[in-house]
Amino acid sequence: MPSTFPLIETDRLRLRSIDQSDAEQIYQTFSKEEVTKYYGMNVFKTKEEAEALIHSFKLGYQSNRLIRWGIELKDSGTLIGTCGYHSLSPKYKRAEIGYEISRDYWRMGYSIEAIKAILSFGFEKMGLIRVGAVVMIENTPSRGVLRKLGFKEEGRLRDYIIQDDKPYDVIMHSILKEEWQKSGFH
């Protein structure tokens, strides 16, 4: 990965590094049950949990295990969510994506815009050949976003994610570099 955190811009968004000054907005996002409901993470109760998450993003980037961008609106500078890669495997040229958007910004196309940008970055700059996404079965909006972007459903992983001490099945999705190149999204 690049030594300097990569900035990515789209028509409406700036994908940038996340730092401790973003803790309040990260807390506001992750403290909402409707946002974390399918995330595999409990609702944040304190701002310190947001600070710890930001710190884990920094450590993950420094150790080449993950890269997580803040999703910022270009026109206002408002941080509306995060997106990025985790489970990075440079040897096998694959990773998984994750993303969330604050509730106030759902259904405005921001997820698709951000994911398109990081897929292009992953395939073109990181040398990935496969990107996966694990989504709880009940999370039909997220599964729809992935389908629109050309991801294929690969199968069900039973009791794969724990949310509020309860196991949930997920669907593994993926897109290959060659599929992305043919999609016209890049």
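User: How many residues sit between β1 and β2 in their hairpin?
Analyst: There are 3 residues between β1 and β2 in that hairpin. Helices (H or I, at least four residues) and strands (E, at least two) are DSSP runs here, numbered from the N terminus. This is a predicted model, where local features need pLDDT of at least 70, side-chain atom pairs count only at pLDDT 80 or more, and totals for chains, interfaces and linings use all residues. Residues are numbered from 1 along each chain as its sequence is written, and side-chain values use heavy atoms, with hydrogens and water left out.

User: What pLDDT does the protein average?
Analyst: The average is 91, and 94% of the residues score at least 70. pLDDT is the predictor's confidence in each residue, from 0 to 100.

User: OK, back to strands. In what order do they come in the sheet?
Analyst: The order is β1-β2-β3-β4-β5-β6-β8-β7, in an open sheet of 8 strands with mixed pairing. Two strands pair if DSSP finds at least two bridges between them. At the edges are β1 and β7, each pairing on one side only.

User: How many bridges hold β1 to β2?
Analyst: Strand β1 (residues 8-9) pairs with β2 over 2 bridges, in the antiparallel sense. Ile-8 has Leu-15 in β2 as its bridge partner.

User: And how does β2 pair with β3?
Analyst: Those two are antiparallel as well, over 4 bridges. Arg-16 stands opposite Gly-70 in β3. Going on from there, β3 and β4 run antiparallel and are joined by 6 bridges, with Trp-69 opposite Cys-83 in β4.

User: What about β7 and β8, how many bridges there?
Analyst: 8 bridges join β7 (residues 152-163) to β8 (residues 166-176), and the strands run antiparallel. They form a hairpin with 2 residues between them, and Asp-164 in the turn has a positive phi of about 50°. Ile-162 stands opposite Pro-167 in β8.

User: Which other residues have a positive phi without being glycine?
Analyst: Asn-64 is one, with a phi of about 60°. Asn-64 is in the loop between α3 (47-62) and β3. Lys-93 is another, at about 55°, in the loop between β4 and β5.

User: Switching to the inside: how many residues does the largest nonpolar core have?
Analyst: It has 34 residues, and those with the most contacts inside it are Leu-15, Trp-69, Tyr-85, Ile-97, Leu-119, Val-131 and Phe-151. A nonpolar core is a set of buried Ala, Val, Leu, Ile, Met, Phe, Trp, Tyr and Cys residues joined through side-chain atoms within 4.5 Å.

User: Which element gives the most to this core?
Analyst: That's α4, with 8 residues. A second, separate core has 12 residues, including Ala-23, Ile-26, Leu-53 and Ile-54.

User: Which residues of α1 are buried?
Analyst: In helix α1 (residues 23-30), the buried ones are Ala-23, Ile-26, Tyr-27, Thr-29 and Phe-30. They line one face of the helix, because seen down the axis of α1 they fall within an arc of 165°. That arc is taken over the directions from the helix axis to the C-beta atoms.

User: What about Ser-31, buried or exposed?
Analyst: Ser-31 is buried, with a relative accessible area of 18%, and lies in the loop between α1 and α2.

User: Last one: where is Asn-139?
Analyst: Asn-139 lies in the loop between β6 (130-136) and α5 (140-148). Asn-139 is buried, with a relative accessible area of 13%.

Conventions: Buried means under 20% relative accessible area, exposed over 50%, partly exposed in between (1.4 Å probe, protein chains only).
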